[in-house]
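Look at the chain below before reading on.

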Amino acid sequence: MNETAAVRTDVWLWSVRLYPTRSAATAACRAGHVRRDGEAMKAAQRLRLGDELRIRRSGSERVVVVTRLLEKRVGAPLAREAYEDHSPEPVAQLLAPPPRRAPGSGRPTKRERRELDRMRELDHLRGSGLLPEGEDQDPR
């Protein structure tokens with residue numbers, strides 16, 4: 001492929017195996033999960049060499065720089081050479097283990113279930129950074 005050419009965003013994301021299907025890449029673009037220079041990209045927008053993309057997937061962000069333009073899906077080793085990964089290291093979650101019930105104690109009551117759900121939600125918020133430090137108490 002001509003190195004000065006451009007390729008569609010959804011095609012490139014699929015070609016380098018960042019998404020399993022082209023339609024999944026298109027859906028991610030539509031949802032605003034793919035950004036270039038802070039602005040959401042449309043699936044049909046053209047990528048050029050050196051573009052930096054920020055891709056949000058499952059709560060984490062991936063930062064990649066386009067080093068090679070591909071229009072067809074290639075093997076994983078070749079796909080890995082088409083971009084440089086500048087993603088931040090994932091934050092290790094130092095959370096307490098989930099609460100456990102004593103064996104043989106039966107099903108939890110409705111009240112116990114609500115407390116368990118509330119504790120899991122707080123753990124999730126702490127781990128994702130959505131709950132500021134020092135706000136460990138449930139507001140209820």
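What follows describes a predicted model. Local features need pLDDT of at least 70, side-chain atom pairs count only at pLDDT 80 or more, and totals for chains, interfaces and linings use all residues. Residues are numbered from 1 along each chain as its sequence is written, and side-chain values use heavy atoms, with hydrogens and water left out.

The protein has 4 helices and 7 strands. These are DSSP runs numbered from the N terminus: helices are H or I with at least four residues, strands are E with at least two. Their order from the N terminus is β-α-α-β-β-β-β-β-α-β-α. Of the 140 residues, 26% count as buried. Buried means under 20% relative accessible area, exposed over 50%, and partly exposed in between (1.4 Å probe, protein chains only).

Now take helix 2, residues 22–30. Its buried residues are Ala25, Thr26, Ala28 and Cys29. They lie on the same side of helix 2, because they cover an arc of only 160 degrees around the axis. That arc is taken from the directions from the helix axis to the C-beta atoms. An α-helix has 3.6 residues a turn, so residues three or four places apart point the same way. Helix 1 (9–15) and strand 2 (34–36) are among what covers the buried residues of helix 2. On the other side of helix 2, Ser23 and Arg30 are exposed. Just after helix 2, Gly32 takes a positive phi of about 85 degrees.

Another glycine, Gly75, is in the loop between strand 6 (60–66) and helix 3 (76–80). Gly75 counts as partly exposed because its relative accessibility is 33%. Gly75 and Val16 are 59 residues apart along the chain, and their C-alpha atoms are separated by 8.4 Å.

Methods
Contact means heavy atoms within 4.5 Å.
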